[in-house]
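This report describes the chain as a whole and then turns to one helix and its surroundings.

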Amino acid sequence: MAESGRAGRPRTDTLGDGPGPAGGGPRRLTGARRLSLRTVLLIVVFVPSLTFAPLLASGMHQLATQWQAEKTQMELATTAVGRPTADLFLSLDQERRLTAQVLAGPGSPARDQLAEQRAVTDRAVRAFRPLTALDDADAQEGLTDAVIRTDRGLGLLDQQRRAVDAGRATSQRAFDYYSGVLESALSVLTALGNTDEGQVSSKAQTLTDLFWVVYALGREDALLSGGWARGALTRSEYGLVTDAIGARKHLLRSRVLPALTGNELPYAKMTTGKAWETMAALEGRLITAGGGAEGDRVTLRDDSAQWRSAVDAVTVQLRQLLSLRSENVGRAGYGHADMIFKVFVSISMVGLLALGLVFFTSWRLTAVLRRRILALRQDAQELQERLPDVVARLERGEDVDVDAEVRRLEPTPDELGELGQALNLASRSAVHTAVRQAEQHRGFQRMLQRIARRTQILIGLQLKKLDELERKHEDPEVLEGLFDLDHLASRLRRYEENLVILGGGQPQRRWRKPVRLLDVLRAAQGEVQDYRRISIDVETESWIAERAVQPLVHVLAELMENATAFSKPLTPVEVRAARVGRGVAVEIEDRGLGMEPEQYAAANALLQSPPRLDVLAHADDVRLGLDVVARLSANLGLQVELRSSAFGGTRVIVLVPESLVVARPRTVPEPATAPMEVPRAADAAPPRPREETPPHEDGQLPARSRGRAMASVTARAGSPEQESAGRPLPQRVRQASLTAELKVPAVRADQAGQETWDQPRRSGATIGAFQRQSRKRRTGDDGSQPEASESPEPSSPTTEDR
């Protein structure tokens, strides 16, 4: 195994060992014929198929189960159940006849015989009673129910006897009771004959029919014994006698006598004996007398002595035939069970030998193949480990030499050699395909970034032009249109940055100094379409490092836009920020419909480990914003998590690590006076950040001489521009910058706090007034202006600042 695993060594093992030819080529055996892979595989496949182990085990289990079931059934039929039931049946049959004689004549001499017979019956009952606890796992079907039914009938035996002794029982009631118990016992004997073997069941059926013959003769004997004691039979008793005679003759002639075989054949002529002829003659005389009799009674001649002598002789013959047939049934059943056991042993031995042959043959053939296949497997494993490394290097932008990365296997002139040659072609094709796909992907990314960069330059020029127009015009309607265009251009610039990020690049906008967290949030709000629904609340003042400003703005803008897009138009989106133990936490919560738990899990998994996105493969995905957030967060070290909101929507938590949170810059002093009061302009566009973009390979975006603030000041802190100015801000003069047509009386001016200020003309005028005051401050001291790449000036106030 150690030699077969060495890299770079071709393997040509065969069925034996021998020196290889000169030159180090494939070794061949002399004097030994090498088995082809096809032949070896056929042997390995067909030998186990012929001795399939589960099939062998199933057959052995079936034979063992059948042998156990037949053996148990024969034990029940011959000894455990059959013998006690037969003794009980014969004892009750005799007791029925003697009971009929006693009830027919009170002074009958049969009373002493009845007492003796009851003792015999009691012994049979005691032997039968334990059968109620019989385990019926392998017993014949219906045996347990028949035993329970018979035992229930025996429970009334003592009561019936007391009624007979006291003279309370009638002949008909006693006859019906004993006949019912005897029929229950016959059902037990019938169930015992229903074995799993057909031949045994057929022999047992003849035995059951013979018991029914004895039962019919016993019914006839009991009725006639009582009738002779009274000298006549009732018409119903006469009908029962004739029915019993007909049933007995039918069973004997059609079912019992034709089925006798072997040592039972001498009994086939027992019906021609003297006793049978005497019994038949008496029965014929009885039938003749009953047919001509009138009334409810049939008078009998006193033939009881001849009847008793003939019936006793016939009963002895029937019992002998019963015993002989029972032995033959047991012999046949046990013989078949023994035959099954022999088959079971034979098949088990042959099967085990075949299974051992399978194991030995498979082991030998596997040992031959194993030495030859190990080398191919080792090479395949090396290729499996090498391909991911090649793909990873290609993704990192490294150049890969296909010939150097693919190690060629030396082929051998057989099927395994063809497999090695196929492995050579597959490995080379896989590496070559990976290289081509990586080159195509990198080329597409470069093309996508180049197109996006050029578009960004045009958008930057457009924003610059809009900035100039906003400073030039003061007409409210024009300013309102310019602000809308300014807002749309800012959003378009972010969408172009998404393309750059998805193409593998990074945004080019940079800041040179830290920026306040509130300004970052305002800047993100300004790049959202439905910005009016967003409310921002910052608990503590925090400053973000310059390298994290633009990525964080982009991440927050994507999340805010997602919150506004997937919630109802009139519902608010709340943005809260506060210092926590590990940095700054920003929460964005909407009141939309939310997502399912598995969707939250999938989104958080994407945010935790952003995939290397193929833009072409995901061009139809409407959630590309999450991919952008995932990439920026991974590069910056942000932790973004989506959760279910208490309002039913989605709450996004963005954790800015402590490494990206810096102290307040010393160059920004605290404001000396209260911040300037800004008129309300509900329809004004939100602030748009203006920052310098580094040079690009396709051109250079001109630097701005002055920027526009990322956010206006709030009631709690001044803007960076005001803080850097170092002097009090100009005080607002109510309606000072308005034209005469727009001025309102003082009464209406006092009620300004209650007005909505949503008229476009008034909004534009107030914004123009704010811009003029800002220009005065900038022209007063050039040193107070921030650099083009620093935190810019405010361009237009937001709803919260106003």
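In this predicted model, 47% of the 802 residues of the chain count as buried. The chain exposes about 40500 Å², of which carbon and sulfur atoms supply 54%. Its secondary structure comprises 21 helices and 10 strands. Among contacts between residues at least 6 apart in sequence, 78% join residues at least 24 apart.

**Helix H6 and its packing**

Helix H6 spans residues 157-166. Its buried residues are Leu157, Gln160, Arg161, Ala163 and Val164. Viewed down the axis of H6, these buried residues fall within an arc of 160°, so they line one face of the helix. The helices against which they pack are listed below.

| Helix packed against by the buried residues of H6 | Residues |
|---|---|
| H3 | 82-104 |
| H4 | 110-128 |
| H5 | 143-154 |
| H7 | 171-192 |

Just after H6, glycine 167 adopts a positive phi of about 80°.

**The contact of H4 with H6**

The axes of H4 and H6 come within 13 Å and cross at roughly 175°. Because angles over 145 degrees count as roughly antiparallel, H4 is roughly antiparallel to H6. On the H4 side, the contact involves Arg111, Arg118, Thr121, Asp122 and Val125; on the H6 side, Leu157, Arg161, Val164 and Asp165 take part.

Notes
Residues are numbered from 1 along each chain as its sequence is written. This is a predicted model: local features need pLDDT of at least 70, side-chain atom pairs count only at pLDDT 80 or more; totals for chains, interfaces and linings use all residues. Side-chain values use heavy atoms; hydrogens and water are left out. Axes are lines fitted to C-alpha atoms, for helices over the stretch in contact, and angles run from 0 to 180 degrees between N-to-C directions. Helices (H or I, at least four residues) and strands (E, at least two) are DSSP runs, numbered from the N terminus. Angles under 35 degrees count as roughly parallel, over 145 as roughly antiparallel, 65 to 115 as roughly perpendicular and the rest as oblique. Contact means heavy atoms within 4.5 Å. Buried means under 20% relative accessible area, exposed over 50%, partly exposed in between (1.4 Å probe, protein chains only). Accessible areas come from the Shrake-Rupley method with a 1.4 Å probe; for residues, only the protein chains shown count as cover. The arc is that of the directions from the helix axis to the C-beta atoms.
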